[in-house]
Amino acid sequence: MPTEFPWQYPALALVIGYLLGSIPFGLLLTRAAGAGDLRQIGSGNIGATNVLRTGRKGLAAATLILDALKGFAAVWIAERYFGGAGVMAAAAAFLGHLYPVWLRFRGGKGVATMLGIVLALHWPIGLVYAVSWLGLLAIFRISSLAGMTAAVGTPLSAAFFARFDLVLPLMALALLVVWKHRENIERLLSGAEPRVGRGGGSGGASRADA
């Protein structure tokens, strides 16, 4: 690894992280598959939950995996090549997903991308995140509730595993996840948040994305 310009590492980590995070895989996959413009379907969100409303389960799964992989890749590249700037790349990738410049800063809600990030930063935290997210989704069938709960649990997991250096960064990401789900929170409180698998296909006009 070159050492002549160490001051450039944080900048490179931020730029590459943001560019990776801002790739709108959900939108690209649905367009390539002839499923239309994802922003005109269901909630208009570019995440896997809204892709599922197209009726293409395979595309939804691919979106989830790719959104996670871009977060993982951003952190891995920064850790490997940019002097261990993984946390900076994680933040940039996460912001890229939430606010992609290509889509006028209207992106996803970050749950899948955060999974990839935490797996790359410390895989045991990522494992707890994945089990919490998928377990709650299986039990309650509410995507937003499962995603927010898993995200909020990551700082606690970091503390449990004695990764105190990650507590504050993961807390910041979790707060952003909650902020992006603020409309979902209102519907959860009113009992109006729909469940995954009900009223499926592209006809679901709810905004229950994670």
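This is a predicted model: local features need pLDDT of at least 70, side-chain atom pairs count only at pLDDT 80 or more; totals for chains, interfaces and linings use all residues.

Q: At what angle do helix α7 and helix α8 pack, and how far apart are their axes?

A: Helix α7, which covers residues 123–140, and helix α8, which covers residues 143–160, pack at an angle of about 155°, and their axes lie 8 Å apart. Angles over 145 degrees count as roughly antiparallel, so α7 is roughly antiparallel to α8.

Q: Which residues in α7 and α8 meet?

A: On the α7 side the contact includes Ile 125, Val 128, Tyr 129, Trp 133 and Phe 140, while the residues they and their neighbours meet in α8 include Leu 145, Ala 146, Gly 147, Thr 149 and Ala 158. Sorted by class, the contact of α7 with α8 has 12 nonpolar, six polar and no charged residues.

Q: How do the axes of helix α4 and helix α5 cross?

A: The axes of helix α4 (residues 57–81) and helix α5 (residues 86–98) come within 8 Å and cross at roughly 150°, and α4 and α5 are therefore roughly antiparallel to each other. The crossing in which α4 passes α5 is right-handed.

Q: Which residues in α4 and α5 meet, and how do they divide by class?

A: In α4 the residues are Asp 67, Lys 70, Ala 74, Val 75, Ala 78 and Glu 79, and in α5 they meet Gly 86, Val 87, Ala 89, Ala 90, Ala 93 and His 97. The residues of this contact of α4 with α5 divide into seven nonpolar, two polar and three charged.

Q: Where is His 122 found, and which residues does His 122 touch?

A: A loop residue can be read by its place between elements and by its contacts. His 122 is found in the loop between α6 (111–121) and α7, and, leaving aside residues up to four places away in sequence, His 122 touches Phe 161, Arg 163 and Leu 166.

Q: How many helices and strands are there in the protein, and what is its radius of gyration?

A: The protein has 10 helices and zero strands. Its radius of gyration is 17 Å, which agrees with the value near 17 Å that a compact globule of 210 residues would have. Buried residues make up 45% of the 210 residues, and among contacts with a separation of 6 or more, 63% are between residues 24 or more positions apart.

Definitions and conventions. Residues are numbered from 1 along each chain as its sequence is written. Side-chain values use heavy atoms; hydrogens and water are left out. Axes are lines fitted to C-alpha atoms, for helices over the stretch in contact, and angles run from 0 to 180 degrees between N-to-C directions. Helices (H or I, at least four residues) and strands (E, at least two) are DSSP runs, numbered from the N terminus. Angles under 35 degrees count as roughly parallel, over 145 as roughly antiparallel, 65 to 115 as roughly perpendicular and the rest as oblique. Contact means heavy atoms within 4.5 Å. Ala, Val, Leu, Ile, Met, Phe, Trp, Tyr, Cys and Pro count as nonpolar, Asp, Glu, Lys and Arg as charged, and the others, Gly among them, as polar. The radius of gyration is taken over C-alpha atoms; the globule rule is 2.2 Å times the number of residues to the power 0.38. Buried means under 20% relative accessible area, exposed over 50%, partly exposed in between (1.4 Å probe, protein chains only). A crossing is left-handed if the near helix is turned anticlockwise from the far one by less than a right angle, and right-handed if clockwise.
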